[in-house]
Amino acid sequence: MVWYRDYVSVTSGPVGSQVSLREANSARVIDTVQRYGQITQVELASATGLSPATISNIVKVLQSQGIVETRNTIRSGRRAQLVTLARETGLAAGVYIGRRALHITISDATGRARTDQSLPLPIDHRVDTTLDRTALLILELTDKIGATLDELVGIGVALPAPIDPSNTKITIPGIMRDWENVDVRDVLSRRLGSEVVVDNDANVGALAESRYGALRGAANSIYARVSYQTGAGVLINHQLYRGAHGTVGEIGHIQVAPHGPICRCGARGCLNTVVGADALIDSLRFSRGDLTLRDVIALANDGDAGCRQAISDAGATLGSVLADLATWSDPQVIAIGGELAQTGDILIDPIRDAVNNRPLLTQAGIHVVPAQLGPRSEVIGAFALAMGTFGHRSSHEEMS
């Protein structure tokens, strides 16, 4: 990223001067474009806090210097000016280790995927075997595109469990058995010689949707992931809010059935025990026999009354919990993702109803929408996490 360093060194001026202010604003714009990959000028103004006129002037200067490129696009039915970096500025790897599958992408700073790979995982997959596969796949994929590990600015990893920001280990025992005491960041960093950052899958899903999907332009938003387990990522002023121990958004462990079954976390009647995939499948076993989550989704979309009812009930219960979360966080938009979101309005309409039935939230006009990135939200978010953490850092290291 020498071009970034050269730009700052050539334009540097006295601290506190008007020139210095313009430089700081220009650097803020470049950082934001790099973080999002591509972003409209209106979204740039919102993300940086600068006025639309200031953004327009800065973009014109940066474009004339060959630092950014612009092109016309459509946002919300209106013409908009899309801003991207003029040069590719490195690669990052995104890794999503799910309950039953492993997904990896290697993408450039614009968010364009250079290569992807997915493979199934057994239930309760072993930590050592899974991390071995992850390391080998990253090596294979970088080689496939003619790159080396040295060209990766970093690796982002998403796990289906809360991650303590202070040590990047799983916060709640029992969520991923045998993974609790493993430092995934350290293991992969040692095996690959790259910097690694680890976060919860719903958090990185929120990050992906805020940068490339349904939450773009919303300063305050929620991404809810509904699958084998349920979780949420909360964005406040465009930033992920994790809390002291990384458990913000762990809505799957909110009690909704005081006399319900015991959850993996050890508590009784958590949301996961009512709306998670296993609970849905169990509720249908008497009338439909043995099904998989994929079966339930397909049958519901084909009009099966029982499967539609089970998913609709799950949506209503989840909606009540999300309404509580929205009352606390005051979002503009709630995006619904994960496998169950493939049922569309069967799941989402009851969530909308639950949110809109709260007078306080009705006045706020919160939009409940499907996530736009589908099953790729988490792996794209893991990439964005790596690029935002290490790409941003390396730019400033080169500037110093």
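Student: Leaving aside neighbours within four places in sequence, which residues is Thr-142 in contact with?

Tutor: Once those neighbours are set aside, Thr-142 touches Ile-106, Ala-147, Leu-149 and Leu-152. Keep in mind that this is a predicted model. Contact here means heavy atoms within 4.5 Å. Thr-142 itself sits in helix 5, residues 127–144.

Student: What makes Thr-142 count as buried?

Tutor: The cut-off for buried is under 20% relative accessible area. Thr-142 has 3%, so Thr-142 is called buried.

Student: And how do you know whether Asn-237 is buried or exposed?

Tutor: Exposed requires over 50% relative accessible area. Asn-237 has 55%, so Asn-237 counts as exposed. You will find Asn-237 in the loop between strand 10 (230–236) and strand 11 (239–240).

Student: Where does Thr-168 lie, and is Thr-168 buried or exposed?

Tutor: Thr-168 belongs to the loop between strand 7 (152–159) and helix 6 (184–192). The relative accessible area of Thr-168 is 9%. That is under 20%, so Thr-168 is buried.

Student: Let's turn to the sheet. How do you know that strand 2 and strand 3 pair?

Tutor: Pairing needs at least two bridges between the strands. Strand 2 and strand 3 (residues 78–85) have eight, in the antiparallel sense, so they count as a pair. One of the residues to look at is Glu-69, whose bridge partner in strand 3 is Thr-84.

Student: In what order do the three strands of the open sheet run?

Tutor: The order is 1-3-2, with antiparallel pairing.

Student: Why are strand 1 and strand 2 called edge strands?

Tutor: Strand 1 (38–40) and strand 2 (68–75) each pair on one side only. From one strand to the next, the twist averages 35°.

Student: Which strands does helix 3 lie across?

Tutor: Helix 3 lies across strand 1, strand 2 and strand 3, at about 95° to strand 1. Helix 4 (residues 52–64) packs on the sheet as well, touching strand 2 and strand 3, and its direction makes about 130° with that of strand 2.

Student: What makes a space a cavity rather than a pocket?

Tutor: A 1.4 Å probe fits inside a cavity but cannot get out, whereas a pocket is open.

Student: Which classes of residue line the largest cavity?

Tutor: Its lining has five nonpolar, three polar and four charged residues. Among the lining residues are Arg-99, Asp-124, Arg-177 and Arg-264. Asp and Arg count as charged, so these residues belong to the charged class. Gly-98 also lines the largest cavity, and Gly counts as polar.

Student: Which helices supply at least two residues of the second largest cavity's lining?

Tutor: Helix 3 (41–48) and helix 7 (201–212) each do. The lining includes Glu-43, Ala-47, Ser-210 and Arg-211. By class, this lining has three nonpolar, three polar and three charged residues.

Technical notes. Residues numbered from 1 in each chain as written. Predicted model: local features only at pLDDT ≥ 70, side-chain atom pairs only at ≥ 80, totals over all residues. Heavy atoms only, no water. 1 Å grid on protein atoms, 1.4 Å probe; cavity = no way out; pocket = protein on both sides within 12 Å on 5 of 7 lines; lining within 4 Å. Helix = DSSP H or I, 4+ residues; strand = E, 2+ residues; numbered from the N terminus. Buried < 20%, exposed > 50% of the residue type's maximum accessible area, 1.4 Å probe, protein only. Axes fitted to C-alpha atoms, helices over the stretch in contact; angles between N-to-C directions.
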